[in-house]
Amino acid sequence: MHDSMTVKNKTQINIVLNQQKEKLKTESALFVKEEKLDKHLPLKKVEKELSALVGMEELKQIVKEIYAWLYVNKCREEQNLKVEKQVLHMMFKGNPGTGKTTVARLLGHLFYEMNVLSKGHLIEAERADLVGEYIGHTAQKTRDLIKRAIGGILFIDEAYSLARGGEKDFGKEAIDTLVKAMEDQQHDFILILAGYSNEMDKFLRLNPGLPSRFPIKITFPDYKVDELMEIARKMITERQYMFTKESEWKLRQHLQKICANPEKSFSNGRYIRNVIEKAVRKQSVRLLREDRNDRKALMTIEADDLQVE
Ligand SMILES: Nc1ncnc2c1ncn2[C@@H]1O[C@H](COP(=O)(O)OP(=O)(O)O)[C@@H](O)[C@H]1O
Ligand SMILES: [Mg+2]
């Protein structure tokens, strides 16, 4: 067991993703014998998807643990052995752009592959999707949303905003409706509450009945410069572009500056995506002006294309 992963009582798992931790052993060696891998197709598929994510070593680890746990429970069931109730509701804590939605979507795929969820789709929601304007409206809206999420994952971003208005606020009604649905339909959908770390902690303190309903808690730390650069390289390679030495250097310098003193609104992976999309547009304008359309030019992002002042 990792030192940053503590198993509190039977099913409570608490992990902190720490990219600085020593690299985990290779997947197959760690987990399933090579020749048995065919028996574990869902794991194989999901590992492929996970490998597209930069860093997140401990997340990758816990996904495998969940897989193993579900698999062994299935085997135990076949042998008429007692099986612990599988509660897979989760809490994701981290700043914007740290990969929470991406990971939620991927878990949907995993649980679908494993027959834990019948559809595996992701429904993303925020306060306005749940909270209505008059008594009874909220419960109705929330129930409708849950209905859409049946068979998949209901992902509620900035979940603490449900507690915003205090006792008289309809947000509380949304929370109560969600809790009821979790009890009624434990196996039909997975609820993930997500948001900034501090706000989530405060929200949980104000709702003492909640934490125990979310046995899996995952922390998404901000990316370091190297990781952001790797994300950037992955993103442009995927789009069939490439940096020059100069443009790569320019981006790194810029990220170093930002990461040394990040604003609260700095959005990690999403920021990188925006920078790249902007650069691609700038590059098009430049190519038009320069009247160039050779393959290399079409693929190259020059330093001037990066607007990162
Ligand atoms: N570890 C990662 N590796 C590759 N891309 C990432 C990673 N984390 C985030 N991204 C990218 O950053 C963007 C924002 O991620 P997202 O999952 O929406 O973050 P959040 O939900 O935490 O705000 C997405 O385009 C995603 O693909
Ligand atoms: Mg998100």
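# Notebook: strands, helices and a ligand

**Entry 1, strand S6.** I began with the pairing of strands, and found that strand S3 (residues 90-94) runs parallel to S6, joined over 4 bridges. I keep in mind that this is a predicted model. Which residue of S6 is the bridge partner of Met90? I looked it up, and the partner is Ile192.

Next I turned to strand S5 (residues 153-156), which also pairs with S6 in the parallel sense, again over 4 bridges. Here I noted Ile156 standing opposite Leu193 of S6.

Then I asked myself: how many of the 6 residues of strand S6 are buried? The count came to 6 of the 6 for residues 190-195, so I wrote S6 down as largely enclosed by the rest of the structure. In a regular strand, side chains alternate between the two faces of the sheet.

I looked up the surroundings of ligand 1 and found 17 residues, the closest being Gly99, Lys100, Thr101, Thr102 and Gly269. Helix H4 (100-113), helix H9 (225-238) and helix H11 (268-290) are the elements that give two or more residues to this shell. By class, I listed 5 nonpolar, 8 polar and 4 charged residues. I also checked the domains: domain 1 (5-220) and domain 2 (225-305) each supply at least three residues to the shell.

I followed Lys100 into its helix. H4 has 14 residues and reaches 20 Å from its first C-alpha to its last, close to the 20 Å expected at 1.5 Å a residue. Lys100 is among the buried residues of H4, and I jotted down Val103, Ala104, Leu106, Leu107, Gly108, Leu110 and Phe111 as buried too. Just after the helix, Asn115 has a positive phi of about 65 degrees.

**Entry 4, helix H11.** I checked the length: the 23 residues of H11 should span 33 Å at 1.5 Å a residue, and the end C-alpha atoms are 33 Å apart, which agrees. Gly269 is buried, as are Asn268, Tyr271, Ile272, Ile276, Ala279 and Gln283. An α-helix has 3.6 residues a turn, so residues three or four places apart point the same way. What do the buried residues of H11 pack against? I found H9 and strand S9 (300-301). My last stop was Asp291, which follows H11 and has a positive phi, near 55 degrees.

Definitions and conventions:
Residues numbered from 1 in each chain as written. Chains lettered and ligands numbered in written order. Predicted model: local features only at pLDDT ≥ 70, side-chain atom pairs only at ≥ 80, totals over all residues. Near = placed C-beta within 6 Å. Nonpolar A, V, L, I, M, F, W, Y, C, P; charged D, E, K, R; others polar. Domains from an automatic or database assignment. Expected span 1.5 Å × (residues − 1). Buried ≥ 20, exposed ≤ 12 C-beta atoms within 10 Å, placed from the backbone. Contact = placed C-beta atoms within 7 Å. Pairing = 2+ DSSP bridges.
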